[in-house]
Amino acid sequence: MAEMITRWDPFRDLVSIQDELNRLFGRTYGGAEPTRSSASGSWAPVLDVYETPDKLVAAVELPGIDPKEVEVAVEDSTLIVSGSRDFAQETEEQNYHRIERRYGAFSRAIRLPDTANPEKVEARFDKGVLTIEVPKREESKPRRIEVKATG
């Protein structure tokens, strides 16, 4: 029986230490946890967050993940995306030479600004990308004030 080869990542321990420090300071000073990971191999999908005049948008790359395995929630002004990707056994011989894709549970947390309306969050999954839209509250949207001339 062939022995499985695992990829050595020299920065994994540094990232794990940074995640733990972020989690510690986040808990102490009220910030959100950017990722929840451990040395057991959990991972964090990459994401982009941007803002338009009407909403905040998060695009999370989740290739190969069934949308049923993904959960989106809002807790205490924090948007949380979590789920898992199972190891896909693609060969019967299990004779892998390299495994670079990450498997297991994941969780990402994004602190929402006060301008966000967490009651109207929408999420859609298309071609391996989860797009989450958080509309802004009406009172926080920019509005034009007419200047009236007097006299």
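Visitor: Through how many residues does the hairpin join β1 to β2?

Guide: Helices (H or I, at least four residues) and strands (E, at least two) are DSSP runs numbered from the N terminus, and two strands pair if DSSP finds at least two bridges between them. In this predicted model, the hairpin joins β1 to β2 through 3 residues, and β1 (residues 47-51) pairs with β2 (residues 55-61) in the antiparallel sense over 5 bridges, with glutamate 51 standing opposite leucine 56 in β2.

Visitor: What should I keep in mind about the numbering and the confidence limits?

Guide: Residues are numbered from 1 along each chain as its sequence is written, and side-chain values use heavy atoms, with hydrogens and water left out. As this is a predicted model, local features need pLDDT of at least 70 and side-chain atom pairs count only at pLDDT 80 or more, whereas totals for chains, interfaces and linings use all residues.

Visitor: Which residues form the aromatic pair?

Guide: Rings of Phe, Tyr and Trp (its six-membered ring) pair if their centres lie within 6.5 Å, and planes under 30 degrees apart count as stacked, over 60 as edge-to-face and the rest as tilted. A search of the whole structure finds 1 aromatic pair: tryptophan 43 and phenylalanine 106, tilted, at 5.1 Å centre to centre with 50 degrees between the planes. Tryptophan 43 lies in the loop between α1 (12-29) and β1 and phenylalanine 106 in strand β5 (residues 104-111), so the pair ties together parts 63 residues apart in sequence.

Visitor: Is tryptophan 43 buried or exposed?

Guide: Buried means under 20% relative accessible area, exposed over 50%, and partly exposed in between (1.4 Å probe, protein chains only); tryptophan 43 is buried at 8%, and phenylalanine 106 is buried at 3%.
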